[in-house]
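Welcome! Please take a look at the model below before reading on.

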Amino acid sequence: MKENMRTHKIIVTITFLYLFIPLLATFLYSLSTTWNKTILPEGLTLKWFVDLYNDPRFIDALWRTIQLTGGTMIVSILIMVPAIFAITVYAPKYEKWLQTIVLFPYAMPGVVAAVGLLSIYSKSGIPMVIVLAGSYFVLILPFMYQGVRNSLRTVNAKTLVEAAELLGASRSTAFWKVIVPNITPGIMVSSLLSFSVLFGEFVLANILVGGSFETIQIYLYRRLRESGHLSSAIVVSYFLLLLVLSWIMVRFSRRGTLKLKKKEPIV
Amino acid sequence: MKKKTNGFLWLTATPFFVLIIGFLFLPFIAMIISSFKKNGEAGFSLFNYTEVFTNKFYLQAIGNSVLISFTASLIGILVAVFVAYSFTKFSPKVQERLLLLANMTSNFAGVPLAFAYIVLLGTSGLFTILFNELSIGFLQGFNLYSWFGLVIIYIYFQIPLAIMLLYPIYLGIEKRWKEAATLLGASPLQFWLKIGIPFILPGIAGTFSILFANAMGAYATAYALVGSNFNLLPIRIGALISGDIFAQPELGSALAVFLGVSMIIALLINEWLMRLVRRDLA
């Protein structure tokens with residue numbers, strides 16, 4: 001038995017070594033002066049990070065990304081949460097439909113979605129940034145739906161609403177005063193997940209708006225060939241952000257009503 | 001009473017469905033319609049589809065995509081079958097952490113991933129230099145910007161995803177089964193051959209179909225690595241709709257419909273196989 005456990009430890013260690021080597025290499029690269037002939041970097045420096053954070057183009061791209069993803073997130077939460085709540089509680093017979101609809105974005109990879117969006121909106125006069133935001137709404141729908149529905153189920157939304165209504169609350173009061181405070185932790189988790197998905201989105205942004213609205217991913221793509229060190233500084237910053245986000249997510253899901261349950265397969 | 005319910009329902013559901021229709025269904029329908037139109041002509045035709053299935057260039061793109069996705073998914077799942085099983089041997093607390101790490105690395109895809117591999121294995125990459133210094137024969141000629149290189153990167157993003165999808169399936173194998181089998185005189189090998197593997201096989205096949213769909217639709221990684229030079233299905237679609245001179249959105253639509261349909265088939269296969277697993281569990 002002991003011998004067996006050692007095998008499993010070795011397997012897991014090798015796997016994570018394999019998975020983390022590209023990250024570590026990028027990290028080291030972002031801290032090195034020059035590194036293209038020798039096995040180890042010739043020197044260490046923070047220059048690339050200083051350069052990056054002083055580059056107005058980077059700051060602009062970051063700001064655009066935050067506006068785009070933040071704006072999309074706020075609108076999505078305000079529209080999705082009440083709608084999913086209302087359908088689950090007041091029109092449960094349509095829930096099955098909703099579950100099917102939610103699977104659609106999975107079957108549509110970015111390129112396919114972009115083809116459809118371009119063919120309908122490219123000559124419509126609607127700014128492509130708005131179209132991009134709309135496509136992001138659809139992109140995060142599965143994550144948001146799963147999160148909201150799980151939270152509603154964990155807090156027994158139906159019973160809560162019935163109790164609130166018996167005590168004389170209106171439908172919207174019941175929703176805002178009783179349901180929302182109870183499902184906020186769950187919503188936070190799926191929002192953070194959605195946020196990290198949108199933050200790393202490249203395909204739709206590149207095809208729909210490209211250089212006319214340079215997001216952080218497009219900025220990274222364009223910098224790739226110019227300066228490797230600078231690019232690695234971007235990748236490292238991006239990954240640190242992901243790290244912080246997933247840490248917050250775990251925190252929330254532990255503290256909140258939503259417990260980290262056995263993960264069901266995504267689809 | 002009834003009226004009030006409907007009021008709240010309508011008020012909340014309307015904007016929700018307007019956005020879904022506007023950004024999911026209408027574009028999808030528009031794409032299908034466009035795929036049946038010949039560039040610059042009114043009326044419907046099958047021109048784009050005949051073009052897709054007779055033109056060697058597009059057939060090659062489809063073939064390449066299928067081949068690369070199949071290879072990467074197969075290797076990914078072979079690795080994950082063992083790793084996910086090893087995960088289940090740790091204490092629940094450690095398991096949770098391992099899953100968190102796997103989840104984190106599965107976010108590492110697209111442009112950043114392509115870049116990391118350039119740093120590692122590109123022309124003046126870290127490992128490339130190392131291999132040259134050590135003169136490791138067959139690795140010296142390694143070229144990241146080749147099919148082999150692309151498969152290597154695809155495997156990287158398949159493994160964590162496969163682990164996370166397979167892990168819950170292993171949890172379905174109960175300790176009791178193993179104990180019962182042992183009591184009845186089965187060796188561990190017999191247990192796996194007769195009970196374990198038949199039980200997880202549909203789950204493995206289902207996960208494979210998701211991995212395959214995931215790789216078929218992947219665009220950013222290959223695009224970041226070599227731009228439009230690789231003849232892959234998603235890359236071709238992207239070039240057909242966004243190229244300035246050679247834009248042929250109708251043809252791109254036909255290819256996109258083909259890709260979308262193959263994804264839906266892959267996901268339906270997964271649905272069906274997962275139902276088999278769940279039925280066994282019930």
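Predicted model: local features only at pLDDT ≥ 70, side-chain atom pairs only at ≥ 80, totals over all residues.

Residues are numbered from 1 along each chain as its sequence is written, chains are lettered from A and ligands numbered from 1 in the order in which they are written, and side-chain values use heavy atoms, with hydrogens and water left out.

Let's start with chain A as a whole. It holds 11 helices and 0 strands; helices (H or I, at least four residues) and strands (E, at least two) are DSSP runs, numbered from the N terminus. Along the principal axes, the C-alpha atoms of chain A fill a box of roughly 75 × 65 × 30 Å. Of the 267 residues of chain A, 52% are buried, where buried means under 20% relative accessible area, exposed over 50% and partly exposed in between, with a 1.4 Å probe and protein chains only.

Now for the helix pairs. Two packed helices are described by the angle between their axes and the distance between the axes. Axes are lines fitted to C-alpha atoms, for helices over the stretch in contact, and angles run from 0 to 180 degrees between N-to-C directions.

| Helix pair | Angle | Axis distance |
|---|---|---|
| Helix 7 (residues 157–166) and helix 8 (residues 171–199) of chain A | roughly 135° | within 9 Å |
| Helix 5 (residues 110–121) and helix 6 (residues 128–154) of chain A | about 140° | 11 Å |

In the contact of helix 7 with helix 8 of chain A, helix 7 contributes Ala157(A), Leu160(A), Val161(A), Ala164(A) and Glu165(A), and helix 8 contributes Arg171(A), Ala174(A), Val178(A), Ile179(A) and Asn182(A); contact means heavy atoms within 4.5 Å. For helix 5 and helix 6 of chain A, the contact is made by Leu117(A), Leu118(A) and Tyr121(A) on helix 5 and by Met128(A), Val131(A) and Ser135(A) on helix 6.

Finally, the core. A nonpolar core is a set of buried Ala, Val, Leu, Ile, Met, Phe, Trp, Tyr and Cys residues joined through side-chain atoms within 4.5 Å. The largest one has 180 residues, of which Phe85(A), Phe16(B) and Tyr154(B) touch the most other members. Helix 8 (residues 147–171) of chain B gives the most to this core, with 16 residues. Not counting residues up to four places away in sequence, Phe85(A) touches Tyr90(A), Leu152(A), Val161(A), Phe175(A), Ile179(A) and Phe8(B).
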